[in-house]
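Please take a moment with the model displayed below before reading the conversation that follows it.

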Amino acid sequence: MLNLIKNELIKLTANKKLYVGMFIILGVNLLPLLEMVTGSLGDIPIAGQTFPLYMLSTYLNVVMPIFISVLIADMITDDYVNGTLTLSLIHPVSRGRLLAAKVLALATMITLLLLYSLLLGYVFGSVIFGWGEQFIYQDVVSETNYTFSAATGFVITLGSYAVSIAPLLAFGMVVLLLAFHFNSGGALVGTCIGLVIALSFLGEIAQGLRPVLINHYFALFKYAFLDKNTAQVMVAVLVLGAYSIVPLMLSLRTLKKKDIVY
Amino acid sequence: MNGEHVIEVKSLRKSFGPTKVVDGIGFNVEKGDVFGFLGPNGAGKTTTMRMMLGLVYPDEGSVTINGYNIAKDFLNAIRGVGAIVETPRFYPYLTGRQNLLQIANLHPRLPGSRIDEVLDMVGLTGRAANRVGTYSLGMKQRLGIARALLNHPSVVFLDEPTNGLDPQGMKEIREMISQLALEQDITFFISTHLLHEVEQICNKVTILNKGRLIARGTVKELLGKDNELVEISTPDAGKALEILTGIGYVKSVKPGLGGLEVELERGRSAELNGLLVSHSVMVNYLVPKNQSLEQFFIELTEGGHQVA
Ligand SMILES: Nc1ncnc2c1ncn2[C@@H]1O[C@H](COP(=O)(O)OP(=O)(O)OP(=O)(O)O)[C@@H](O)[C@H]1O
Ligand SMILES: [Mg+2]
């Protein structure tokens with residue numbers, strides 16, 4: 001099993017797209033600098049120690065979903081259509097284990113990318129804004145200020161990045177299921193970007209739907225560490241659990257029944 | 001039937017939508033065979049191979065490899081198998097060695113040195129550190145064979161292994177197959193649309209057309225016949241036809257381009273020429289004809305070679 005995961009990681013890290021993505025994350029870190037210059041930051045209190053937490057929403061809602069779609073397009077759709085999936089399947093490996101390895105490799109990549117973003121956030125944040133005296137985080141939506149000591153702020157930031165793996169992985173499982181039904185990776189990525197945009201619109205126009213929309217739970221870190229709303233965290237765990245397990249099981253069934261014709 | 005059946009295929013059927021692609025085929029491959037699976041484009045060779053390897057699920061029928069049913073006991077059935085399905089595919093951004101490592105990782109007990117061994121066997125040691133994206137078609141074909149041999153398979157499936165290669169490349173691959181069959185005791189299952197490829201390297205052949213088997217047997221029986229085909233160019237075709245009808249060693253005579261097409265016992269063409277000349281039939285030239293797969297099919301269906 002470890003070997004299978006290793007195989008997937010070798011392929012993902014040998015692929016240029018990963019480095020393009022990492023470069024884009026680097027660019028995203030410079031956006032606040034631009035906003036600072038244009039004055040559009042307003043009076044949001046940003047400092048080096050809070051910067052990664054501010055960036056997290058951007059990663060969760062935009063950067064990471066696209067990244068995840070690109071990785072899965074490579075790992076599943078293109079792997080199938082290019083005829084390379086066949087290579088593993090004519091060896092003593094069950095389809096279920098291969099899928100499990102791909103999912104675990106994806107989880108690894110999500111974790112590493114979040115870690116990379118976190119580090120980059122601290123470095124860029126400190127260089128641009130200075131480390132800051134205190135950890136003051138303003139929730140842009142509710143305009144509530146949360147104030148912590150630097151140490152607590154650090155733990156909260158770390159925890160926020162860590163719990164964010166869950167909604168991202170759940171999103172990944174939805175993409176995974178889609179990936180088996182596309183004939184080109186590019187089309188899959190395009191569809192997923194469309195899906196993310198459509199979901200956020202849907203949440204805007206039909207607020208009653210929000211509790212069942214996956215992107216609503218991208219903010220899991222806020223429920224867990226800022227609002228400290230246990231009930232909401234429980235709901236999030238349940239909904240995200242369903243979003244993870246149902247598509248994963250359906251993907252498994254799809255792969256097991258699929259005629260591999262490429 | 002003597003010998004051990006390495007592969008048993010029973011009444012396989014597969015449709016894609018409304019089209020029957022494979023329509024009830026069955027055959028056995030014995031240990032040590034270089035088994036030719038001959039058929040024109042679209043005959044269903046690749047689809048059959050995919051079913052044999054558990055990639056495509058048959059609508060009906062079964063496949064057994066080394067005694068294990070591919071549907072019920074996939075892991076054991078596939079363990080002794082090496083295969084190339086269609087043109088060999090690679091991860092172009094990985095090196096030759098890394099591509100092989102991907103497969104070696106699926107066989108935990110395989111020693112690392114095996115990669116070097118197979119690279120050496122196909123003469124790619126020097127290019128192993130280059131990305132496969134930079135390889136020529138011939139090199140990819142050879143790397144594909146290296147990969148198919150990686151896990152010490154007892155049976156190797158090759159799908160049109162010389163497709164797209166130049167004559168030199170074809171020769172190399174065919175020699176490699178014959179050598180491996182002989183020296184390493186590997187059973188081969190080779191699909192091809194080239195009649196002479198079967199003649200050159202296979203001992204058994206099964207012929208597939210439109211998803212059905214139309215003939216099978218040893219290559220000697222089916223192809224290395226006692227007869228040969230010659231084309232006679234003559235202005236006196238009518239007279240020649242008269243003379244040749246009823247001659248014992250002449251098996252068939254048909255009008256051909258600028259003369260006649262004659263099937264006769266092998267090695268009697270000089271005699272045939274003499275006969276025509278002695279009857280004052282002008283013979284411009286007499287050419288041996290290589291049989292095309294299409295001609296061979298026509299002959300098979302006319303000649304009563306039926307599948308049992
Ligand atoms: N996935 C598929 N969906 C629909 N039809 C298919 C599919 N795969 C193959 N076919 C059809 O099945 C028939 C047999 O195809 P197959 O690839 O098995 O033939 P082949 O003998 O390998 O031919 P070739 O010599 O061209 O490789 C063809 O008519 C092809 O169009
Ligand atoms: Mg084919």
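This is a predicted model: local features need pLDDT of at least 70, side-chain atom pairs count only at pLDDT 80 or more; totals for chains, interfaces and linings use all residues.

Student: Into which domains is chain B divided, and how many Å separate their centres?

Tutor: Chain B is divided into domain 1, residues 5–222, and domain 2, residues 225–290, with bounds that come from an automatic or database domain assignment. Taken over C-alpha atoms, the centres of these two domains of chain B are separated by 41 Å.

Student: Why is the site of ligand 1 shared between chains, and which chains are they?

Tutor: A residue is taken as near the ligand if one of its heavy atoms lies within 4 Å of it, and the residues found around ligand 1 include A:Val261, B:Phe16, B:Lys45 and B:Glu160. Because the residues that surround ligand 1 come from both, the site is shared between chains A and B.

Student: Which helix of chain B gives the most to the shell around ligand 1?

Tutor: Helices (H or I, at least four residues) and strands (E, at least two) are DSSP runs, numbered from the N terminus. With three residues in the shell around ligand 1, the helix of chain B that gives the most is H1, residues 45–52.

Student: What percentage of the area of ligand 1 does the protein bury, and which polar contacts does ligand 1 have?

Tutor: A polar contact is a pair of N or O atoms within 3.5 Å (within protein, one must be able to donate a hydrogen and the other to accept it, and residues adjacent in sequence count only if both atoms are side-chain atoms). A polar side-chain atom of B:Asn41 lies 2.9 Å from an oxygen atom of ligand 1, and backbone N or O atoms lie 3.2 Å from a ligand oxygen in the case of B:Ala43 and 2.8 Å in the case of B:Lys45. Taken alone, ligand 1 exposes 630 Å² (by the Shrake-Rupley method with a 1.4 Å probe; for residues, only the protein chains shown count as cover), and the part of that area which the protein buries is 61%.

Student: Is A:Leu114 buried or exposed?

Tutor: A:Leu114 has its place in helix H5 of chain A, residues 95–129, and, leaving aside its neighbours within four places in sequence, A:Leu114 is in contact (heavy atoms within 4.5 Å) with residues including A:Leu56, A:Tyr161 and A:Leu168. Buried means under 20% relative accessible area, exposed over 50%, and partly exposed in between, with a 1.4 Å probe and protein chains only. Because its relative accessible area is 3%, A:Leu114 counts as buried.

Student: Which residue of chain B is in contact with A:Lys256?

Tutor: A:Lys256 lies in helix H10 of chain A, residues 230–257, and is partly exposed, with a relative accessible area of 45%. Leaving aside neighbours within four places in sequence, A:Lys256 is in contact with A:Arg95, A:Gly96 and, from chain B, B:Tyr57.

Student: What is the phi of B:Ser280, and where is B:Ser280 found?

Tutor: Most residues other than glycine have a negative phi. B:Ser280 is found in the loop between helix H10 (269–278) and strand E14 (285–288) of chain B, and B:Ser280 is exposed, with a relative accessible area of 56%. The phi of B:Ser280 is a positive value in a residue other than glycine, near 60°.

Note on methods. Residues are numbered from 1 along each chain as its sequence is written. Chains are lettered from A and ligands numbered from 1 in the order in which they are written. Side-chain values use heavy atoms; hydrogens and water are left out.
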